[in-house]
Amino acid sequence: MCGCCCWTDTIGWAPLLALLPVIGPAVMYSIHNKLTTLADKEFNLPLELKAKMHGNIAIDLCISLIPILGTLFSWLHTCSTRNAAMVYNFIVQRALEQQQTNLQRDQVLQQTQQQQRQQMEKMKQNSNANNNSKNRVNVRNNQKENYEMRNLNSSSHNSSKINSKTSIPAPQQ
């Protein structure tokens, strides 16, 4: 038996137990207190929220101690419904904050990944630029070597022509 179970669609057990003088309100107070403790264990409620919930329970107890009219006002006060609504609002608020935190973390992660990609692109471009400049230097060196080789070949070829023209014919017999 708990304070938030419905006896019918509109009346719970709390007003019916409150009809019993002193015993009914005490039983309902202990049930409400157990529900608050259970909600705290399940959802790790903050101290401020627990204080509000216990305040609702205490007000409901004070109201329900008044004979007959106290039962009616206790039923109208609906402390179980108020406490359940406060717990629900807290859980929704926590879920929204967690979702917001996750979104911010994901955005930071995406920004970091994008910066890393950009740095990698810059490094590749710098590497390609260095390779291109090295290739240009190598091409220039190769061109110089080829030019020098041609000059050496042509000068040795020219000197062999000169030597063949100036050679002394062998004596005839």
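Of the 173 residues in this chain, 17% count as buried, where buried means under 20% relative accessible area, exposed means over 50%, and partly exposed lies in between (1.4 Å probe, protein chains only). Keep in mind that this is a predicted model, in which local features need pLDDT of at least 70, side-chain atom pairs count only at pLDDT 80 or more, and totals for chains, interfaces and linings use all residues. Residues are numbered from 1 along each chain as its sequence is written, and side-chain values use heavy atoms, with hydrogens and water left out.

Let's start with the overall plan. The chain has five helices and zero strands, giving the pattern α-α-α-α-α along the sequence. Here helices (H or I, at least four residues) and strands (E, at least two) are DSSP runs, numbered from the N terminus. Among the contacts with a separation of 6 or more, 59% are between residues 24 or more positions apart; a contact means heavy atoms within 4.5 Å.

Now follow helix 3. This helix has 18 residues and spans 26 Å from its first C-alpha to its last, close to the 26 Å expected at 1.5 Å a residue. That expected span is 1.5 Å times one less than the number of residues. The buried residues of helix 3 are Leu49, Met53, Asn56, Ile57, Asp60 and Ser64. They sit on the same side of helix 3 because they cover an arc of only 95° around the axis, the arc being that of the directions from the helix axis to the C-beta atoms. Turned away from this buried side is a face with the exposed residues Leu47, Glu48 and Cys62.

Lys52 also belongs to helix 3, and is partly exposed, with a relative accessible area of 46%. The C-alpha atoms of Lys52 and Asn83 are 8.3 Å apart, although 31 residues separate the two along the chain.

Finally, look inside the model for a cavity. On a 1 Å grid over the protein atoms alone, a cavity is a set of points where a 1.4 Å probe fits but cannot get out, and lining residues have an atom within 4 Å of a point. Grid points are joined across faces, edges and corners, and a volume is the space filled by probe spheres set on the points. The count comes to one cavity of 30 Å³ or more, and the largest cavity has a volume of about 40 Å³. Its lining consists of Pro25, Met28, Tyr29, His32, Ile57, Asp60, Leu61 and Ser64. Helix 2 (23-43) and helix 3 (47-64) each supply at least two residues of this lining.

Conventions. On a 1 Å grid over the protein atoms alone, a cavity is a set of points where a 1.4 Å probe fits but cannot get out, and a pocket is an open set with protein on both sides within 12 Å along at least five of seven lines; lining residues have an atom within 4 Å of a point.
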